[in-house]
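User: I'm new to this one and would like a short walk through it. Can we take it piece by piece?
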Amino acid sequence: MDFHPTEEQAAAAGLATRILSDLATHERLAEAGTGSDAELWKALITAGLAAAVEEIGLLGLVLLLEEQGRTTAQVPYAATCVYGILPVAAHGSPEQRARLLPALGTGEAVATGAFPERGRITADSGRLTGTAPAVPWLRDATHVLVPDADRALWLVRTDAPGVRTSPVETTAPWSAGRLTLTAAEGERLGADSAYEDALAAARTAFAGLQAGVCAGSLARAVEYTSTREQFGRPLSTNQGVMLRAADAYMDTEAIRVTTYEAAWRIDQGLPAHEHALTAAWWASEAGKRVVHAGQHLHGGLGADLDHPVHRHFLWGRQLDAYLGCGSELLAELGASIAASSACASTAEGEQA
């Protein structure tokens, strides 16, 4: 494994850092409310950071999403890349790639996904019916990647007949919405394996987003406890504070390394189902601990809903819910490992 970024990945991450640091400020985020920042989204698109995902791969995308997470930038970047650019590039037909990828790269089209699949949407001869109760960044989207009950993937235009969207407020300001389909026409994307590939990539990408959220929360806590004095010395010199911050740092690094491994394996075309689940579990369980610690280390300020650290708390809890609670992910991981072991035992028995 080699997690060192390539020259292209490092350049893209550096550019994203500069743009997000300049534009995703506390004041601008407060002004945006629960909606997306159109100016910031335009800046990212103009810089080519959406189109670049085809070249830098999932690991490169994870590096960029870490920067989005650090600033909690309210743009549909993660959704467009992981539910639009990557699945179309990997599983689209030549015609679909030629038609959709340029539009997604220039911001003319914005994608999101009705994930995770809960069996609520059915398909009949290319017509989709059902409901997805909370789709992230649906209010910004022109296309939705929809898995049906049989786990086939469909691209649905949000302005198509039979498609109805309504705003939904989630814990984090993700411009989410409720998607209702009534015999809506869908465009099939990929073959039977496309769903599992898209799900693994989505779990990995959103785990990378959580790594950035946690890093941003911890950085704020370190800055605060290093400057805030109590009993004549900085809070950071208290052993309890140091231990809490150290635990949060280790949790953040665990999210990051498991996410990097899953992303690298996916980019290399290696099996990564269990690795993506592991990254998602760490992002859910450890991410929740880190954003709670970040708020706690701010003392009374952590209870201020207008303080910047509270935004990291909201994002961390939203990502925990979106990825799936830890016990749910752990159960799926255990079942996958057991199934793999059973297959291996059967193969050994047949060889013997």
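User: How do strands S2 and S3 pair, and over how many bridges?
Analyst: Strand S2 (residues 121–124) and strand S3 (residues 127–135) run antiparallel to each other, joined over four bridges. Strands here are DSSP runs of E with at least two residues, helices are runs of H or I with at least four, and both are numbered from the N terminus. Two strands count as paired if DSSP finds at least two bridges between them. This is a predicted model, in which local features need pLDDT of at least 70 and side-chain atom pairs pLDDT 80 or more, while totals for chains, interfaces and linings use all residues. Residues are numbered from 1 along each chain as its sequence is written, and side-chain values use heavy atoms, with hydrogens and water left out.

User: What stands opposite aspartate 124?
Analyst: Arginine 127 in S3 does. S2 and S3 form a hairpin with two residues between them, and serine 125 in that turn has a positive phi of about 55°.

User: Where else is phi positive without a glycine?
Analyst: Threonine 72 and serine 175 each have a positive phi of about 45°. Most residues other than glycine have a negative phi. Threonine 72 sits in the loop between H4 and helix H5 (77–91), and serine 175 in the loop between strand S6 (163–167) and strand S7 (177–185).

User: Is threonine 72 buried or exposed? And serine 175, buried or exposed?
Analyst: Threonine 72 is buried, at 2% relative accessible area, and serine 175 is buried as well, at 3%. Buried means under 20%, exposed over 50%, and partly exposed in between, with a 1.4 Å probe and protein chains only.

User: Which peptide bond is cis?
Analyst: The one from phenylalanine 115 to proline 116 is cis, with omega near -5°. Proline 116 lies in the loop between S1 and S2.

User: How does S5 pair with S8?
Analyst: Strand S5 (residues 153–157) pairs with S8 in the antiparallel sense over two bridges. Tryptophan 154 stands opposite arginine 188 in S8.

User: Last topic, then. Where is glutamate 7?
Analyst: Glutamate 7 is in helix H1. Its relative accessible area is 69%, so glutamate 7 is exposed.
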